[in-house]
Amino acid sequence: MALPMLRGCCRVPSTFSFTRLFLSDGIVLNRSNKARLPSSCRAAVAAAVRPYSSDPGGQKQHIKTRVLGIPNPFMVFRTKIYFFLIRAYFDKEFSIEEFTEGAKQAFSHVSGLLSQCKFEALEGLVAEDLIAKLEEKCNLMPSSHKEALSADVDEIMYTTTGDVGIYYDDNGRKFVSILMRFWYLTSARLPEGGLKGTRVFQVSFGSEQKPETKTLLAANYEFQREFTQGVAPDWTITRIEHSRLLD
C-alpha cells in the first residue's frame, strides 16, 4: 500500500546508522532517540480560528482562518538550501508545495488509522518498528485521546516544514528526511487543561446559542525516502508525535 499523494513508501530498517551530510542545529532525526524541535524553530501559533456558519440551505460557509507565527529566518534560509540540494542532486522535479499537499493527505489518512487502532493497515505506510511502538502506546490511551489522534484534512489549520536532512549510510545509500508539523482541530472531549500546549476555540455551526468547542492540537510526522539508484521513489513515515498524546 502507498502513502496517499506521496507515490508509495519505502521501508528503512532501524538498524541503519545515518551520518548527517550538512550542519545540524541539534535535531536528531532517528527512531532510537526521542528528539524534539528546539524552541528557536518552533512556529509560534498564537491563534488559529476557523469559524463557520450555516446558511438556510444547510451549507457550511468558511469565514476566516488566521494563524499568527514568527518564523526563524535562519531555519527558513537553511530549509530552502536543502530543497535546492534535493532538486539539484536527487529529484529535479521535487516541489515542496506538492510534497506538503501530499503530506497533509498522508497525515490525515495515517492519523485516522491510528485513531481506530488499525495497526495492520499501517504496514507499508509507517516503518515496521515504529508501528509496534505506536500500538503499545495506543493500547494504553483512553478512548477520548484515541479520537483526538484523527485529523480530518479540512480541520488542518496550519502546516509547516520542520527539519530537513540528507543522509548517506556506510554502503553509500542516500536518504532524505523531511519533518512536517501540523496544527489541527479536534472535537474530541479532552480534559480541560489536561494537555499542555493545547488551545481551545469555539466554532459555531448554525445557532450561536449552541457553539461546538474544538481543541487545537499539534503533530510532527517525519517522512523519509531512499534516493539510491534503482530504488522505487517512495516515502515512509519514520516518526510520529501528537502533542501530549503520542510523544
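Residues are called buried here when their relative accessible area is under 20%, and exposed when it is over 50%. On this basis, in what is a predicted model, the buried residues of helix 3, which spans residues 128–138, are Leu-130, Ile-131, Leu-134 and Cys-138. Viewed down the helix axis, these buried residues fall within an arc of 105°, so they line one face of helix 3. The face turned away from this buried side carries the exposed residues Glu-128 and Glu-136. The cover over the buried residues of helix 3 includes helix 2 (96–115), helix 4 (143–149) and strand 10 (235–242).

The largest nonpolar core comprises 47 residues, and those with the most contacts inside it are Phe-99, Leu-114, Val-126, Tyr-221, Phe-223 and Ile-240. Two or more residues are given to this core by each of helix 1 (73–89), helix 2, helix 3, helix 4, strand 6 (156–168), strand 7 (174–186), strand 9 (212–226) and strand 10. Helix 2 supplies the largest share, which amounts to eight residues. Apart from this core lies another, of five residues, which include Met-157, Trp-183, Leu-185 and Ala-218.

Strand 6 and strand 7 pair in the antiparallel sense over 10 bridges, and Ile-156 has Tyr-184 of strand 7 as its bridge partner. These two strands form a hairpin with five residues between them, and Gly-172 in the turn has a positive phi of about 85°. Strand 9 and strand 10 likewise pair in the antiparallel sense, over seven bridges, with Phe-223 standing opposite Ile-237 of strand 10. Eight of the eight residues of strand 10 are buried, so this strand is largely enclosed by the rest of the structure.

In one of them, Asp-163 is joined to Arg-78, with the closest N and O atoms 2.4 Å apart. This pair links distant parts of the chain, since Asp-163 lies in strand 6 and Arg-78 in helix 1, 85 residues apart. Both Asp-163 and Arg-78 are buried. A salt bridge is also formed between the side chains of Lys-214 and Glu-155, with an N to O distance of 2.5 Å. Lys-214 belongs to strand 9 and Glu-155 to the loop between helix 4 and strand 6, so the pair ties together parts that are 59 residues apart in sequence. Lys-214 is buried, with a relative accessible area of 4%, and Glu-155, at 15% relative accessibility, also counts as buried, the cut-off for this class being under 20%. The side chains of Arg-173 and Glu-226 meet in another salt bridge, at 2.7 Å from N to O. Here too distant parts of the chain are linked, with Arg-173 in the loop between strand 6 and strand 7 and Glu-226 in strand 9, 53 residues apart. Glu-226 is buried, and its relative accessible area is 6%.

Phe-90 lies in the loop between helix 1 and helix 2 and Phe-227 in the loop between strand 9 and strand 10, so the pair ties together parts that are 137 residues apart in sequence. Both of these residues, Phe-90 and Phe-227, are buried. Phe-107 and Tyr-221 form an edge-to-face pair as well, with 4.8 Å from centre to centre and 80° between the planes. This pair links distant parts of the chain, Phe-107 being in helix 2 and Tyr-221 in strand 9, 114 residues apart. Phe-107 and Tyr-221 are both buried, and Tyr-221 is also among the residues with the most contacts inside the largest nonpolar core. Finally, one aromatic cluster is formed by Phe-83, Phe-90, Phe-94, Phe-99, Phe-223, Phe-227 and Trp-235. Of its members, Phe-99 and Phe-223 are listed among the residues with the most contacts inside the largest core, and Phe-223 stands opposite Ile-237 in strand 10.

Definitions and conventions. Residues are numbered from 1 along each chain as its sequence is written. This is a predicted model: local features need pLDDT of at least 70, side-chain atom pairs count only at pLDDT 80 or more; totals for chains, interfaces and linings use all residues. Side-chain values use heavy atoms; hydrogens and water are left out. Buried means under 20% relative accessible area, exposed over 50%, partly exposed in between (1.4 Å probe, protein chains only). Helices (H or I, at least four residues) and strands (E, at least two) are DSSP runs, numbered from the N terminus. The arc is that of the directions from the helix axis to the C-beta atoms. Contact means heavy atoms within 4.5 Å. A nonpolar core is a set of buried Ala, Val, Leu, Ile, Met, Phe, Trp, Tyr and Cys residues joined through side-chain atoms within 4.5 Å. A salt bridge is a side-chain nitrogen of Lys or Arg within 4 Å of a carboxyl oxygen of Asp or Glu. Rings of Phe, Tyr and Trp (its six-membered ring) pair if their centres lie within 6.5 Å; planes under 30 degrees apart count as stacked, over 60 as edge-to-face and the rest as tilted. Two strands pair if DSSP finds at least two bridges between them.
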